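Work through the following exercises with the model open. Each task is followed by a solution in steps.

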Amino acid sequence: MKRILLGMSGGVDSAAAALLLRRSGCEVTGATLLLRPGEGGLREARDAARAAAVMGIPHLTLDFQQVFRREVMEVFASEYLAGRTPNPCVYCNRAVKFGAMLRYALDNGFDGVATGHYAQVREEGGRFLLYRSPTGKDQSYMLYSLTQEQLGHTLFPLSRLDKPEVRALAREAGLPVAQKPDSQDICFVEDGDYAGFLERFTGGPFPPGEFTDGAGNVLGRHQGLPRYTVGQRKGLGISFGKPMYVTALDAARNRVVLGEEGSQYRGAFTARGMNWIPFPQPEGPLRCQVKIRYRAPLAFCQVTPLPGGRARVEFDEPQRSVTPGQAAVFYQEDLVLGGGIIEEKEEALE
């Protein structure tokens, strides 16, 4: 019988995952990760503990506030201040949920960990592979950075279920979280005000600077670099008489670069920190599809590996809002090839 430490966020997904693990014969212990001070994390732990009690499984609360601050919140802040737009869930999965929690599990006699993510892990040809979930809730994008060791000790019980099935499972089991709404915001920015969080976290405020066009001509004044992101059109705080889009954030000169319709498209970019899953490194260029944001559609491309864990990505058709700091994740059908962090934009669409 496998002993599994299940990350329980206090929501319906992880509670339903516990039900399925028990049905498969696993010995399950729930664990809520305390990631930040305040009532929010404690409330999640209480909700998870109530669900665990209904199922008759043990429940732990693990204090990972230090590692979460260091590996997620501080990275999030430093990326924003450098003019990039990070996805903190990617960092959290790699360093906390499948990093610190997995180390705790293996150090304490568990065989592995599980979460309520919607994705699939399969062992094929001596490697552990990551696949998209066939449902609309697929979250494989957020998991591309997991290593072979992490994938080899991870279970995703919800891999082939959709959300109505998950809620039905929880409801039939009488779990108090069956109808709990999904969390929408970044967990440590509960009000969705990223700039306000960053000012509090870093001791801001952020200095205003110049809006410029691609040639460096000054168009106006902005209200602080972290208030903008590549591809943004609304909320610029100034009227230009025509649609203008953020095309770049120049942190070195504290400038927000704007362009007209069409300038927000790019034909290529480079990525850093590449993590490949089916193989240690591609032998040459790959034909595949890429997601450049969690909600972005898949786009056909060619990926060419570069020295130093980097890659160059060329789209078949130019894509809008290629945003430095976001993850680029590569797929061949449902197989996740891997991914990296968008580093640099190239080749504006003329």
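**Exercise 1.** On which residue is the kink in α3 centred?

Solution. The model is predicted, and local features need pLDDT of at least 70, side-chain atom pairs count only at pLDDT 80 or more, while totals for chains, interfaces and linings use all residues. Residues are numbered from 1 along each chain as its sequence is written, and side-chain values use heavy atoms, with hydrogens and water left out.

Step 1. Helix α3 covers residues 65-81, 17 residues in total; helices are DSSP runs (H or I, at least four residues), numbered from the N terminus.

Step 2. The bend at a residue is the angle between axes fitted to the seven residues ending there and the seven starting there. In α3 a kink of about 30° is centred on Glu74.

**Exercise 2.** Determine how α3 and α4 are oriented to each other.

Step 1. Axes are lines fitted to C-alpha atoms, for helices over the stretch in contact, with angles from 0 to 180 degrees between N-to-C directions. Those of α3 and α4 come within 9 Å and cross at roughly 165°.

Step 2. Angles over 145 degrees count as roughly antiparallel, so α3 and α4 are roughly antiparallel to each other.

Step 3. Contact (heavy atoms within 4.5 Å) involves, among others, Val67, Phe68 and Glu71 of α3 and Tyr91, Cys92 and Ala95 of α4.

**Exercise 3.** Decide whether Tyr104 is buried or partly exposed.

Step 1. Tyr104 lies in helix α4.

Step 2. Buried means under 20% relative accessible area, exposed over 50%, partly exposed in between (1.4 Å probe, protein chains only). At 26%, Tyr104 is partly exposed.

Note on methods:
Helix = DSSP H or I, 4+ residues; strand = E, 2+ residues; numbered from the N terminus. Expected span 1.5 Å × (residues − 1). Parallel < 35°, antiparallel > 145°, perpendicular 65-115°, else oblique.
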